[in-house]
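User: I'd like to go through this model with you, one question at a time. Ready when you are.

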Amino acid sequence: MAKCSGYAARMTTPYNFTHALCRAPAPSAVNGIRANGGPDPDFRGLLAEHETYVATLRDLGLSVDVLDPLDDFPDALFTEDVALTFPEGAILLRPGAPSRAGEVAHIREALAARHGRLLAMSGPGYADGGDILRLADRVIVGLSARTDRAGAEELAGLLCQLGYAAEIAETPPDVLHFKSGRGLIDEGTILAVPALANCPQFAGLEVVTTPPGEAPAANILRVRDTILVGDRWSATHALLGARGLAIRSLPTDHIAHIDAGLSCMSLRW
Ligand code: CIR
């Protein structure tokens, strides 16, 4: 774990959010990056999924601001990837996909208006927010095709300035983001696809695996007392429901066409 001298590592409940920042999809969102080709999503479908997502966060008690669409940046609706946000401040990232680098400048002002402290990566490394998993006692920074070691190390230093200890982890080469196949159920429990369950950074945590055929369900989003899950994944619903958790089912078919899941569509703090 990265040493964080001069600061006490914070212990937090990593999902007791009060605020979220989203961005409405632009018509160009249908051209969003996808690793394995595949057809474009339907724009009206994307819009409807985004609206349901924002309405759900509001219904769960969050104050949600929705920024204007950016037609020059098809993936800009995935605000999670361009910054990290905490009650203590925010960090502007350096997304690893060249077509997404320009999104950062467009969110700077909105974050400066909402956070007393705004830190920024300066490079040369890269980091995407989809590679960052917040736990109660530390922040895991996953290495991927979007987050390199130089970026992860710079980010660990910036997290330290906000009082958060960071740990750098590996992500298998065929996985987009560290969180693509993993999500937080509660402070002591992770939901993961079977291939990603054996992560050394999860030692001491319970890891629950997604049921057969439901790998995309792993990108859950815990918001306060509720877990947001894609509405197709009935066995995952049953598994989480049996643990006594409150669940909201959200449609994700269209965003899945451009490699996204539920965590990607907001910054939360
Ligand atoms: C991309 O490849 O960057 C977008 N099409 C999907 C981003 C998903 N973001 C996330 O998982 N945090």
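User: Is Asp137 buried, partly exposed or exposed?
Analyst: This is a predicted model, so the call is made on computed accessibility. Asp137 has a relative accessibility of 33%. Buried would need under 20% and exposed over 50%, so Asp137 counts as partly exposed.

User: Where in the chain does the salt bridge between Glu206 and Arg243 reach?
Analyst: Here the closest N and O atoms are 2.8 Å apart. Glu206 belongs to strand E11 (residues 206–209), while Arg243 sits in the loop between helix H4 (234–242) and E14. The pair links distant parts of the chain, with a separation of 37 residues.

User: How do Glu206 and Arg243 count in terms of accessibility?
Analyst: Glu206 has a relative accessible area of 40%. For Arg243 the relative accessibility is 36%. Glu206 is partly exposed, and Arg243 counts as partly exposed.

User: How many residues apart are Asp59 and Arg248?
Analyst: Their side chains meet in a salt bridge, at 2.9 Å from N to O. Asp59 lies in helix H1 and Arg248 in strand E14 (residues 246–250), so to speak distant parts of the chain, and the separation is 189 residues.

User: And how do Asp59 and Arg248 count, exposed or partly exposed?
Analyst: Asp59 comes out at 54% relative accessibility, so it counts as exposed. Arg248 has 29% relative accessibility. That makes Arg248 partly exposed.

User: How many salt bridges are there, and which residues are linked in a network?
Analyst: The count comes to 13 salt bridges. As for the network, its salt bridges link Glu80, Lys179 and Arg268.

User: Which way do strands E1 and E2 run, parallel or antiparallel?
Analyst: Strand E1 covers residues 19–23 and strand E2 residues 63–67, with five bridges joining them. One place to look is His19, which stands opposite Ser63 in E2. The two strands run parallel.

User: How many disulfides does the structure hold, and how far from Cys22 is the nearest cysteine sulfur?
Analyst: The structure holds zero disulfides. Cys22 is in none, and a pair would need its sulfur atoms within 2.5 Å. The nearest cysteine sulfur belongs to Cys264, and the distance is 12 Å.

User: Are Cys22 and Cys264 buried or exposed?
Analyst: Cys22 has 0% relative accessibility, and Cys264 has 10%. Cys22 counts as buried, and Cys264 also counts as buried.

User: What does the radius of gyration of the protein chain come to?
Analyst: The secondary structure is five helices and 15 strands. For 269 residues the globule rule gives 18 Å, and the chain's own value is close to that, so it is as compact as a globular protein of that length. The radius of gyration is 17 Å.

User: What share of the contacts with a separation of 6 or more comes from residues 24 or more positions apart?
Analyst: For the overall setting, the C-alpha trace spans about 45 × 40 × 35 Å along its principal axes, and 56% of the 269 residues count as buried. Among contacts with a separation of 6 or more, residues 24 or more positions apart account for 68%.

Technical notes: Residues are numbered from 1 along each chain as its sequence is written. This is a predicted model: local features need pLDDT of at least 70, side-chain atom pairs count only at pLDDT 80 or more; totals for chains, interfaces and linings use all residues. Side-chain values use heavy atoms; hydrogens and water are left out. Two strands pair if DSSP finds at least two bridges between them. Helices (H or I, at least four residues) and strands (E, at least two) are DSSP runs, numbered from the N terminus. Buried means under 20% relative accessible area, exposed over 50%, partly exposed in between (1.4 Å probe, protein chains only). A salt bridge is a side-chain nitrogen of Lys or Arg within 4 Å of a carboxyl oxygen of Asp or Glu. The radius of gyration is taken over C-alpha atoms; the globule rule is 2.2 Å times the number of residues to the power 0.38. Contact means heavy atoms within 4.5 Å.
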